Structure formats: C-alpha cells, structure tokens
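Colleague: Please take me through the classifications assigned to this model, and set each value against its cut-off.

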Amino acid sequence: MKLNKNIVLIGMPGCGKTTIGKRIAHELNIEFCDVDEYIVESEKHSISEIFKNGEEYFRDIESMAIERICKTYPKVIATGGGAVKRSDNIKVLKENGIIFFIDRPIEDIAQDVDVKSRPLLKDGIEKLYQLYYERYPLYNKYCDYKVTNVDIKKSISKIISLI
C-alpha cells in the first residue's frame, strides 16, 4: 500500500494514541511522531516545565510543532489531547492527513491514567472528566473516522482497513 497522507490520531490523554500509533507505523513501515515527545525534544524541557509558563504558551509551541511535523508525509502522528482546542491545528493536520478519533471509554482511562505525569490532570481525576466533556464534541467534530478503543488490536485493524 502506497500511503500519500499522514494518519493523525486525536483523543483524550490515555486513550491509546501513542501505543496504537507506534504499532500502525511499524505495520505500515512509516515514521511515527508523538507531538508531545517532539515538543520535549525540540524545547529541551518537559511538558510540565513548559506548562509552568501557562497553557496558552504551551499551545503556541504545540501549534508550531504540528506545523513542522505535518510538512512531510506519510507518517503516523499522535497529537496531544488538547490539540483540538485550536481549529488552526486541525486545518494543518487535515491538509495532508486523515484524522482518527481514538475514543476510549472515560472510565477505562480514569482507571489507568497516571494523573501526576500529566500537567492538566495534576488537580486530580475530576479534571479528567472535565476535559472529557469539554473536548469530546471537538474530537467528534474534527475527525474523519471514529474508532472505539476497547481492544488495541481491533482498533489498529480498523484504522488500517479504513486507509
């Protein structure tokens, strides 16, 4: 299969974007890029450290990173959970990409997400639910395809069959 677009994964923190993305990239023999990891490497600071300057500051850096990452394709891109908060990010991601919303039940995410390692969740699990209700409509609005993730292998197969 000759892929001429990026495969873009959006969804909540802990929904499986990175795990699924790495496996799809491996199966298709294309590059994988996690936007948060890219930011950490290019900024030489952790996401938590960057967030100390405020969420807006982080979102600016995230938007610039998405623009750079999307210039070349094909690759699999796992976005940060909040990338959907800026419609400009979606515009850039859609230019050369197909967007998949990895929809994992919030109860499953709440059971195994490490809130301490995620700056926006440092205030506890309630914040996870708040973000979910705030972002869920955006994930649905911006995706080309929605894939429910209750079984990683099935999610991967579904995404590959859709491209």
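**Aromatic pairs, cysteines and burial**

Modeller: In this predicted model, ring pairs join Phe101, Tyr132, Tyr133, Tyr136 and Tyr139 into a cluster. The structure holds six aromatic pairs.

Colleague: What makes the pair of Phe51 and Phe58 stacked?

Modeller: The ring centres of Phe51 and Phe58 are 4.7 Å apart and their planes meet at 25°. Pairing requires centres within 6.5 Å, and stacking requires planes under 30 degrees apart; the pair is therefore stacked.

Colleague: Why is Phe58 called buried?

Modeller: Phe58 has 2% relative accessibility. The cut-off for buried is under 20%, so Phe58 counts as buried. Phe51, at 16%, also counts as buried.

Colleague: Why is Tyr145 called partly exposed?

Modeller: The relative accessible area of Tyr145 is 33%. Buried means under 20% and exposed over 50%, so a value in between is partly exposed.

Colleague: What is the burial class of Asn149, and why?

Modeller: Asn149 has a relative accessible area of 4%; because buried means under 20%, Asn149 is buried. Asn149 lies in the loop between strand 5 (145-148) and helix 8 (152-162). Beyond its neighbours within four places in sequence, its contacts include Cys15, Ile102 and Ser155.

Note on methods. Residues are numbered from 1 along each chain as its sequence is written. This is a predicted model: local features need pLDDT of at least 70, side-chain atom pairs count only at pLDDT 80 or more; totals for chains, interfaces and linings use all residues. Side-chain values use heavy atoms; hydrogens and water are left out. Helices (H or I, at least four residues) and strands (E, at least two) are DSSP runs, numbered from the N terminus. Buried means under 20% relative accessible area, exposed over 50%, partly exposed in between (1.4 Å probe, protein chains only). Contact means heavy atoms within 4.5 Å. Rings of Phe, Tyr and Trp (its six-membered ring) pair if their centres lie within 6.5 Å; planes under 30 degrees apart count as stacked, over 60 as edge-to-face and the rest as tilted.
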